[in-house]
Amino acid sequence: MIAPNSLCKLFWNILIMILAVYTAILLPIRLAFMDERDISKFMYYFDLFMDVIFLIDIAINFFFVEEDSAGELIIDQKRIAMTYLKTWFCIDLIASVPVSIILLLVQSTDFEDGIISIRFLKLTKFTRLYRLLTLFKMLKLFRNHKSLEIFLSYLHISADGKQIISSLIRMVFLLHIVGCSFALVAVFAGQDYGISWISGLGISDESVATRYIAACYWAVVTISTVGYGDITPTNETEVLMTIILVFIGVSMYSYILSRLTSIFAMLNNSKSAEQSREKILKNFVTKSRLNILLSAKVMHFYNSSDSSII
């Protein structure tokens, strides 16, 4: 049995989180801008490594001591297994499907027919979408594992600072996903219609970085409702996807922006209240006619102590 606050569990959760973050960042780029048949062997081997780690994670979760809703530790092996099977097992199992091995075996076959090649390309891209389910592991880590909270506590970041950083990361990740989604639609729609927003811009043969920057630029100007109109959908599929992305993206962008506004408003109110208390203290010191030394000690005590004492 592995205790919830043990170093072993802490390091393992950090490893899973790093792999999940890597997947969340790189996978959309690979899906939208890179041909899966041209992926280097290193990436395939690294994907295989991740698949093995995620499979091991499933086995290890049957030995992780968890807390129930009352905060009591669950140490019974059968109860731990049943709890895991009823909660995260199915998601972990789908997220741990060894896609790399399947794709490696499929790609070893030589496809001569052009139609089969196109269908194969679509199959590989949609199959690798299963990897996005590893994002659920990130939610699991932050929701259910206090070990990460212990690790983050060493960074000495205030609660408001953590919320601001979290909101900014969510905003950047939202733009990343929206941009890559728009580019991914262009890949599929371009095969059916013969034209896409990428080919319309004349950047089909440009580098991955150029196309990624263009997609993220579209995401920023669209989600922020600026909409310069220099990048527009060129077929029905792209128009439909644009409607979906704008509806979802603007909603999430508005939520994140409103959350940031609330955080800054609370910080401003807290600062104003602190300034008011300091002003009251200074008036008290002045009216009490305290000497300079005693006044300095009072102000130092206030600044070095909990300001809520006034």
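A residue counts as buried under 20% relative accessible area, as exposed over 50%, and as partly exposed in between, with a 1.4 Å probe and protein chains only. By that rule, 35% of the 310 residues of the chain are buried.

The model is predicted: local features need pLDDT of at least 70, side-chain atom pairs count only at pLDDT 80 or more, and totals for chains, interfaces and linings use all residues. Numbering runs from 1 along each chain as its sequence is written, and side-chain values use heavy atoms, leaving out hydrogens and water.

Helices (DSSP H or I, at least four residues) and strands (E, at least two) are numbered from the N terminus. Contact means heavy atoms within 4.5 Å. Accessible areas come from the Shrake-Rupley method with a 1.4 Å probe; for residues, only the protein chains shown count as cover.

| Chain property | Value |
|---|---|
| Secondary structure | 13 helices and two strands |
| Accessible surface | about 18,300 Å², 68% from carbon and sulfur atoms |
| Contacts with a separation of 6 or more | 75% between residues 24 or more positions apart |

A nonpolar core is a set of buried Ala, Val, Leu, Ile, Met, Phe, Trp, Tyr and Cys residues joined through side-chain atoms within 4.5 Å. The largest has 24 residues; F33, V178, W197 and W218 touch the most other members. Two or more residues each come from α1 (7-33), α9 (159-193), α10 (197-201) and α11 (208-223). The top contributor is α9, with nine residues. Not counting residues up to four places away in sequence, V178 touches W218, A219, I223 and L245. Another core lies apart, with seven residues, including W12, I16, M50 and F54.

S196 sits in the loop between α9 and α10. S196 is buried, at 6% relative accessible area. Beyond neighbours within four places in sequence, S196 contacts A186, G190, T234, N235 and E238.
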